[in-house]
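Take a moment to look over the sequence and the fold. Then read on and follow the chain piece by piece.

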Amino acid sequence: MTTTTGRMKTGAITHEFDHAADAYDRLVGANPGYHRDLRTSVRRLRLPGRGEGLRLLDLGCGTGASTAALVEAAPRARIVAVDASRGMLDAARSKVWPHGVEFHRARAETLTPEWVAERLGGPADAVFAAYLIRNVPDPDALLSAVSAVLRPGGRVALHEYSVADSVSARAVWTAVCWGVVIPSGRALTGRADLFRYLWRSVVEFDGARALLARMRAAGLESVAGAPLPGWQYGITHTFVGARPGGRW
């Protein structure tokens with residue numbers, strides 16, 4: 001991790017998300033497959049019974065795209081969505097949500113079992129974290145927190161960019177960022193810091209093998225990864241795992 005990227009993750013990145021919040025839905029809406037891929041990763045959690053009786057945690061919810069994917073798959077679940085950015089949460093809360101969906105401002109890696117139990121009524125049955133682990137200062141601390149708030153047998157899905165294992169994926173990612181994402185982000189928000197950071201943070205982040213090893217080191221079992229389809233094949237992935245000690 002470069003000094004610049006590390007410094008962004010300790011606070012500046014949250015302010016950049018605050019600034020970009022009003023334009024964020026337009027930005028991601030221009031990405032073919034963005035919402036479809038979130039729904040695919042949620043399906044890989046294999047949530048049963050349309051979520052009846054389930055307690056779900058959406059970490060790094062942003063403007064609510066990941067929350068919407070959870071609601072579609074599990075409309076009967078209780079869902080608590082968390083983000084550190086006030087601006088992103090304001091955008092999420094401005095939308096219409098079914099009963100049982102709540103939004104809270106917090107840093108995901110600092111959540112405790114007590115905090116989660118107070119808001120969900122018990123430990124989480126499943127945790128979904130989209131585009132989050134790459135943005136926290138300490139990925140291992142996040143994974144430890146996730147494992148702690150899951151019930152035994154509870155599942156986690158990380159939806160994340162990972163290109164370190166593939167020269168071609170890095171090349172495509174770099175071309176798309178500098179040719180499309182960074183110019184578009186600058187045009188819509190008036191500055192490009194967040195989007196240059198996006199490119200750099202992905203290039204510097206774990207490859208799939210390294211992230212799966214992190215998940216195992218955090219005590220998760222049944223760990224596996226799968227790519228998403230489309231132009232982002234080999235760039236965006238779902239990484240799943242479960243807390244030991246129970247059944248679904």
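Predicted model: local features only at pLDDT ≥ 70, side-chain atom pairs only at ≥ 80, totals over all residues.

Residues are numbered from 1 along each chain as its sequence is written, and side-chain values use heavy atoms, with hydrogens and water left out.

Start with the sheet. Strands of a sheet pair through backbone hydrogen bonds, either parallel or antiparallel. Here 7 strands form an open sheet, and their order is 3-2-1-4-5-7-6. The pairing is mixed. Strands are DSSP runs of E with at least two residues, helices are runs of H or I with at least four, and both are numbered from the N terminus. Two strands pair if DSSP finds at least two bridges between them. The edge strands are strand 3 (101–105) and strand 6, each pairing on one side only. From one strand to the next, the twist averages 15°.

Strand 2 (residues 78–83) and strand 3 run parallel, joined by 5 bridges. Val 80 has Glu 102 in strand 3 as its bridge partner.

Move to strand 7 (residues 236–242). Strand 5 (residues 150–161) pairs with strand 7 in the antiparallel sense over 7 bridges. Leu 158 has Phe 239 as its partner there. Strand 6 (residues 221–227) also pairs with strand 7 in the antiparallel sense, over 5 bridges. In that pairing, Ala 224 is bridged to Val 240. Is strand 7 mostly covered or mostly open? It is mostly covered: 7 of its 7 residues are buried. Buried means under 20% relative accessible area, exposed means over 50%, and partly exposed lies in between, using a 1.4 Å probe and protein chains only. Both faces of strand 7 are covered. Thr 236, Thr 238, Val 240 and Ala 242 lie on one side, with His 237, Phe 239 and Gly 241 on the other.

Contact means heavy atoms within 4.5 Å. Leu 211 sits in helix 9 (residues 208–217). Its relative accessible area is 0%, so Leu 211 is buried.

Next, the rings. The structure holds 6 aromatic pairs. Rings of Phe, Tyr and Trp (its six-membered ring) pair if their centres lie within 6.5 Å; planes under 30 degrees apart count as stacked, over 60 as edge-to-face and the rest as tilted. Tyr 34 and Tyr 131 have ring centres 5.7 Å apart and planes at 20°, so this pair is stacked. Tyr 34 lies in helix 2 (residues 34–43) and Tyr 131 in the loop between strand 4 (124–130) and helix 6 (139–149), so the pair ties together parts 97 residues apart in sequence. Both tyrosines are buried. Tyr 34, Tyr 131, Tyr 161 and Trp 173 form one aromatic cluster.

Trp 173 also belongs to the last stop. In helix 7, Trp 173 is among the residues that meet helix 8, where Phe 195 and Trp 199 are among the partners. Helix 7 (residues 167–189) and helix 8 (residues 193–204) pack at about 155°, with axes 8 Å apart. Axes are lines fitted to C-alpha atoms, for helices over the stretch in contact, and angles run from 0 to 180 degrees between N-to-C directions. Helix 7 and helix 8 are therefore roughly antiparallel to each other; angles over 145 degrees count as such, under 35 as roughly parallel, 65 to 115 as roughly perpendicular and the rest as oblique.
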